[in-house]
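Here are some friendly notes to read alongside the model.

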Amino acid sequence: MDYWVHSSFCVSSIAALLLLLLLVCDYQVVVRARGDESSSSCDFFKGRWVLDQSYPLYDPSSCPFIEREFSCQKNGRPDQIHTKYRWQPLDCDLARFDALDFFERFRGKNIIFVGDSLSRNQWQSLTCLLHSAVPTATNNVTRVDTVSIFEFTDYGIRVMLDSNMYLVDIVKEKIGRVLKLDSIVGGNLWKDIDVLIFNTWHWWNRRGPSQPWDYVEVGGQTSKDIDRMLAFQKALETWAGWVDSNIDPAKSRVFFQGISPSHYNGSEWHEPSAKSCVGQKEPLLGPYPGASPPALGVLKNVLSTIQKPVTLLDITNLSLLRKDGHPSIYGLGGRTGMDCTHWCLCGVPDTWNEILYNFFL
């Protein structure tokens with residue numbers, strides 16, 4: 001692909017090399033300090049949902065890119081109150097998403113979401129947030145292999161999606177499709193991108209016909225299956241190694257989306273009569289009475305081992321409160337399906353992107 005430019009450099013003396021290393025190290029310290037400062041002065045992820053009539057941030061009917069599985073309004077969802085909630089951190093205010101400011105900050109930049117359909121959920125949210133501000137601006141949507149590219153040509157911004165459910169590789173071999181937990185050749189697509197937002201978890205417990213692999217390989221050993229949480233951890237460790245080996249903090253900013261929760265069991269939010277998210281019209285006031293997904297602890301443990309700066313978009317708890325935000329019967333499957341995993345657009349992923357935007361202010 002010709003969307004990423006690989007650069008190299010040389011130095012003419014040992015002194016010049018040492019100076020360059022000092023500059024790079026200094027930048028890394030600044031990035032880490034900024035992350036620490038944001039978390040100490042204001043935790044964006046601790047707060048509550050408040051009703052705000054100035055929301056949503058865009059009209060979903062004016063965003064032609066929303067896929068059917070996220071297009072709840074178009075699919076007939078009658079209530080719209082769920083679109084009127086704004087996330088309010090406890091100790092500060094989030095700056096409202098400003099698309100024009102976003103365009104200027106990221107003029108000429110490449111942004112990529114890497115992950116499963118929940119990454120697509122957030123990617124489509126961001127394209128709608130941006131398109132709503134400049135609906136007449138020239139844009140192009142293309143697809144190259146697994147990568148969908150939404151380009152705002154007037155600003156030279158590419159907002160991309162790499163549909164990669166596990167982050168690590170699935171390779172077709174004689175025995176079948178092998179999920180290689182130690183291999184991440186697909187990461188070659190991500191090099192030299194300016195902003196990267198990763199995600200994986202939704203597919204790790206898939207079994208049967210929907211499972212897209214036949215064998216799993218780790219440490220040179222191939223088997224039909226292993227413990228799925230262990231497999232998730234091994235894949236994250238491989239991804240973490242890729243980040244440390246390939247990311248230059250002077251050029252790229254790395255985020256991890258966190259674990260997006262589902263709402264299929266009302267007992268988890270003290271409503272045992274609810275067997276799914278259907279009919280839910282308002283968020284929980286919090287804190288969430290149930291437990292956090294175990295995958296979140298695994299993710300945080302792996303993130304703590306990475307040497308390069310990575311920011312966790314810790315969206316789990318704020319999303320757990322939004323039992324009302326899913327398509328339910330107004331998604332891809334209609335009334336014959338039940339989707340309490342993905343999110344309506346407009347909706348909760350807009351808040352994820354609003355928080356993402358605030359990390360750059």
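1. With bonded cysteines counted along the chain, the disulfides of the protein chain follow the pattern 1-4, 2-5, 3-8, 6-7. Please keep in mind that this is a predicted model. The count comes to four disulfides, on the rule that the two cysteine sulfur atoms lie within 2.5 Å.

2. Let us start with Cys42 and Cys92, which are joined by a disulfide with an S to S distance of 1.8 Å. This bond ties together distant parts of the chain, 50 residues apart: Cys42 sits in the loop between helix H1 (14-41) and strand E1 (47-51), and Cys92 in the loop between strand E2 (85-89) and helix H2 (99-105). The link of Cys42 and Cys92 is left-handed, with -50° about the S-S bond. Cys42 has 7% relative accessibility and so counts as buried.

3. Next comes the pair Cys72 and Cys344, whose sulfur atoms are 2.0 Å apart in a disulfide. Again distant parts of the chain are linked, here 272 residues apart, with Cys72 in the loop between E1 and E2 and Cys344 in the loop between helix H6 (316-320) and H7. The torsion about the S-S bond of Cys72 and Cys344 is about -90°, which makes the disulfide left-handed. Cys72 is buried at a relative accessible area of 1%, and Cys344 is buried, also with 1%.

4. The loop between H6 and H7 also holds Cys340, which is linked to Cys277 in the loop between strand E12 (253-256) and H5, 63 residues apart. In this disulfide the sulfur atoms of Cys277 and Cys340 are 2.1 Å apart. A torsion of about -90° about the S-S bond of Cys277 and Cys340 means that this disulfide is left-handed. As for cover, Cys340 is buried with a relative accessible area of 0%, and Cys277 counts as buried at 3% relative accessibility.

5. Cys346 counts as buried, because its relative accessibility of 4% is under the 20% cut-off.

6. Helix H7 (residues 348-358) deserves a look as well. Is this helix mostly covered or mostly uncovered? H7 is mostly covered, with 11 of its 11 residues buried. Finally, how do H4 and H5 pack? Helix H4 (residues 228-246) and helix H5 (residues 294-303) meet at an angle of about 30°, and their axes are 10 Å apart. The two helices are therefore roughly parallel to each other, since the angle is under 35 degrees. Their crossing is right-handed.

7. At this contact, Met229, Phe232, Gln233, Leu236, Glu237, Trp239 and Ala240 in H4 meet Pro294, Ala295, Val298, Leu299, Val302 and Leu303 in H5. Sorted by class, the contact of H4 with H5 has 11 nonpolar residues, one polar and one charged.

Technical notes. Residues numbered from 1 in each chain as written. Predicted model: local features only at pLDDT ≥ 70, side-chain atom pairs only at ≥ 80, totals over all residues. Heavy atoms only, no water. Buried < 20%, exposed > 50% of the residue type's maximum accessible area, 1.4 Å probe, protein only. Helix = DSSP H or I, 4+ residues; strand = E, 2+ residues; numbered from the N terminus. Axes fitted to C-alpha atoms, helices over the stretch in contact; angles between N-to-C directions. Parallel < 35°, antiparallel > 145°, perpendicular 65-115°, else oblique. Left-handed = near helix turned anticlockwise from the far one by under 90°. Contact = heavy atoms within 4.5 Å. Nonpolar A, V, L, I, M, F, W, Y, C, P; charged D, E, K, R; others polar.
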